[in-house]
Amino acid sequence: MCGIVAYSGYNEAYPILINGLRRLEYRGYDSAGVALMQDGKITLYKKRGKVSDLDEFCADKNTESHVGIAHTRWATHGEPSEENAHPHLSEDGSIALIHNGIVENYVSLKQELQRIGYTFKSETDTEVLVHLIKDVQAKENLPLADAVMLALTRVEGTYALAILSTDNPDQLIVAKKGSPLLIGVGKNEYFIGSDGAPIVEYTKKVVYLEDGDVAVVTPKKPLVIRNINDEEHLRKRPYFQKLEMSLDQLEKGGFETYMLKEIFEQPKAITDSMRGRINLKKDVVSLGGIIEYESKMMNAKRFIIAACGTSWHAGLVAEYLFESLIRVPVEVEYASEFRYRNPIIHEDDVLIAISQSGETADTLAAVELAKRHGATVIGICNVVGSTLARETMAGSYTHAGPEIGVASTKAFTAQVTVLALMALSLAHKTGTISRSQYHQLVNDLESIPDKIEMVLKQEQFIQKIAQFVATRPNAIFLGRGVNYPVALEGALKLKEISYIHAEGYPAAEMKHGPIALIDEHMPVIVVATEQQTYDKVVSNIQEVIARKGTVISVVTEGDTTVKNMSKFCIEIPHTEELLTPLVATVPLQILAYHVALIRGCNVDRPRNLAKSVSVE
Ligand code: F6R
């Protein structure tokens with residue numbers, strides 16, 4: 001959600017911090033702030049709005065400093081404002097703190113601090129932390145790092161923290177529980193980030209903090225990491241890793257927006273997701289990351305898929321893939337509901353958690369719950385080294401490359417690719433599909449990147465359809481079978497970036513209610529590719545036309561029946577039914593994208609949203 005960047009070293013801190021905030025802005029973008037250590041004192045600049053507003057505001061200010069912390073916010077407690085923006089300062093101005101996460105017991109802590117005389121300037125949960133740390137430090141007369149460790153034992157919830165203090169002007173204290181934080185190690189300098197984006201430009205040597213870790217970061221000195229859960233607070237040996245990210249991946253590469261770049265990157269993303277996983281003779285599809293747990297998966301009595309948003313839609317596609325190919329029941333769960341409804345989980349269940357970021361709080365909670373019940377827990381995620389990757393027993397990366405646009409595109413198709421590989425591999429090994437069906441699907445999967453290329457060529461035509469949809473206040477998306485999740489995903493993309501109200505439905509469900517909405521003003525986007533239920537979908541389209549709805553269809557090339565019934569018709573190459581979502585989703589992404597552009601919306605940073613929802 002929020003983005004954290006911090007620096008301590010011999011270089012000018014401000015350009016590193018502001019550049020880092022720009023790279024992190026996709027995580028939250030309602031306000032931003034920076035605290036700099038200048039001549040032993042902390043200077044604070046905060047601004048409501050974008051990082052560029054903060055930078056403009058600082059243009060005529062003195063920003064000379066070698067140590068600082070900076071933050072871009074996604075509001076949880078308190079509206080976007082300068083007061084609520086981070087960093088937050090202690091009353092005496094000696095400590096500045098930035099925070100990502102939620103302090104769940106902030107009300108009781110705040111009341112306690114208010115009773116002993118602390119006053120609060122903001123409505124945030126975060127400000128509690130700065131006063132609490134200051135209070136513990138003053139009462140116990142402790143060095144700041146020890147005060148932080150003690151204070152954090154009283155905090156319920158999640159946090160990634162970076163703290164600046166006048167006690168040790170060069171030093172940063174950072175801490176993590178439930179929200180990601182990594183330390184980039186340079187030569188005599190350190191970089192802190194809530195992900196690798198603000199760090200990769202400077203170093204690839206990183207340490208991912210673990211839950212409970214508190215690190216003292218001082219240039220020219222080794223990192224000192226201790227964990228609040230270790231009673232003796234012994235120093236841990238830092239585990240250095242290589243940051244799997246490149247700067248190119250974070251740039252727009254000639255595209256107007258990240259979202260468009262990511263839509264067009266899908267052929268490559270899918271190729272990368274398959275790379276090394278299908279052997280030359282196509283006899284074996286194998287996902288290295290799950291080999292150890294393959295027999296558990298082959299003997300699973302049930303698969304539970306837990307995810308949120310677009311990743312949940314990928315899970316719905318997997319339900320069709322797994323049930324058709326492996327013949328094992330699959331339940332697809334909203335992670336946020338699953339965790340709170342006392343679900344029945346058996347030891348022979350396999351839970352697959354899907355998440356682009358690997359940091360979605362609800363998905364991680366579902367993982368925790370399934371582990372507690374003894375189930376096998378497998379992860380599918382895009383961000384290497386993310387919490388999901390570390391908390392699951394095994395898993396597969398999607399290798400789609402960083403996804404910066406807030407609306408998920410290439411991560412979805414890469415997730416479906418990995419899920420298809422998983423289903424094919426298990427089906428082949430358990431013998432639930434014939435050799436010829438297996439080969440047909442593997443061949444088709446390998447041809448998906450080329451098929452997507454063909455769809456991408458239709459961008460200009462889809463732009464014309466967008467002109468029409470952009471004038472409408474509502475839209476309905478319909479699909480059946482494996483295309484039902486495609487309809488849901490099409491509707492989600494449209495609503496989240498263009499703010500047009502859109503609903504996705506299984507086509508046959510329409511007559512049980514939503515049909516009441518259809519009149520001459522309602523665009524109905526129907527995914528009607530070649531499939532088992534094609535004729536039924538045609539009947540559903542007839543029902544729409546009978547009520548004067550405007551049909552926009554996605555069909556298999558050569559189709560004339562649905563084409564003749566549609567105002568606009570997008571043709572996609574023939575694809576095996578089970579793999580159709582990989583191709584059919586793409587025109588809907590392009591449609592949503594152009595509708596949003598026409599309506600003047602910020603497609604990369606839609607209002608109210610943030611990438612990586614690390615709060616409940
Ligand atoms: C929609 C979108 C969100 C995410 C959801 C889960 O375009 O991006 O719905 O899919 O917040 O995020 P991850 O996949 O990171 O767990």
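**Exercise 1.** Work out how helix α8 and helix α14 pack against each other.

*Solution.* Start with the geometry: α8 (residues 266-274) and α14 (residues 410-430) pack at an angle of about 30°, and their axes are 9 Å apart. Axes here are lines fitted to C-alpha atoms, for helices over the stretch in contact, and angles run from 0 to 180 degrees between N-to-C directions. Helices (H or I, at least four residues) and strands (E, at least two) are DSSP runs, numbered from the N terminus.

Angles under 35 degrees count as roughly parallel, over 145 as roughly antiparallel, 65 to 115 as roughly perpendicular and the rest as oblique. So α8 and α14 are roughly parallel to each other.

Now look at who touches whom, where contact means heavy atoms within 4.5 Å. On the α8 side you'll find Gln266, Ala269, Ile270, Ser273 and Met274, and on the α14 side Lys410, Thr413, Ala414, Thr417, Val418 and Leu421. Sort the residues of this α8 and α14 contact and you get six nonpolar, four polar and one charged. (Ala, Val, Leu, Ile, Met, Phe, Trp, Tyr, Cys and Pro count as nonpolar, Asp, Glu, Lys and Arg as charged, and the others, Gly among them, as polar.)

A word on the ground rules: this is a predicted model, where local features need pLDDT of at least 70, side-chain atom pairs count only at pLDDT 80 or more, and totals for chains, interfaces and linings use all residues. Residues are numbered from 1 along each chain as its sequence is written, and side-chain values use heavy atoms, with hydrogens and water left out.

**Exercise 2.** Describe how α10 sits against α14, and then against α17.

*Solution.* Take α14 to begin with: the axes of α10 and α14 come within 9 Å and cross at roughly 20°. That's why α10 and α14 are roughly parallel to each other. Their contact includes Leu321 and Phe322 of α10, and Phe412 and Leu419 of α14. Its residues divide into 16 nonpolar, five polar and no charged.

Then turn to α17 (residues 484-498): its axis and that of α10 (residues 309-326) come within 9 Å, crossing at roughly 170°. So α10 is roughly antiparallel to α17. Among the residues that meet are Trp312 and Tyr320 in α10, and Leu488 and Lys493 in α17. This time the α10 and α17 contact splits into eight nonpolar, three polar and two charged.

**Exercise 3.** Which protein atoms lie 3.0 Å, 2.9 Å and 2.5 Å from an oxygen atom of the ligand?

*Solution.* Go through them one at a time. At 3.0 Å there's a polar backbone atom of Thr310. At 2.9 Å it's a backbone N or O atom of Ser408.

Note on methods:
A polar contact is a pair of N or O atoms within 3.5 Å; within protein, one must be able to donate a hydrogen and the other to accept it, and residues adjacent in sequence count only if both atoms are side-chain atoms.
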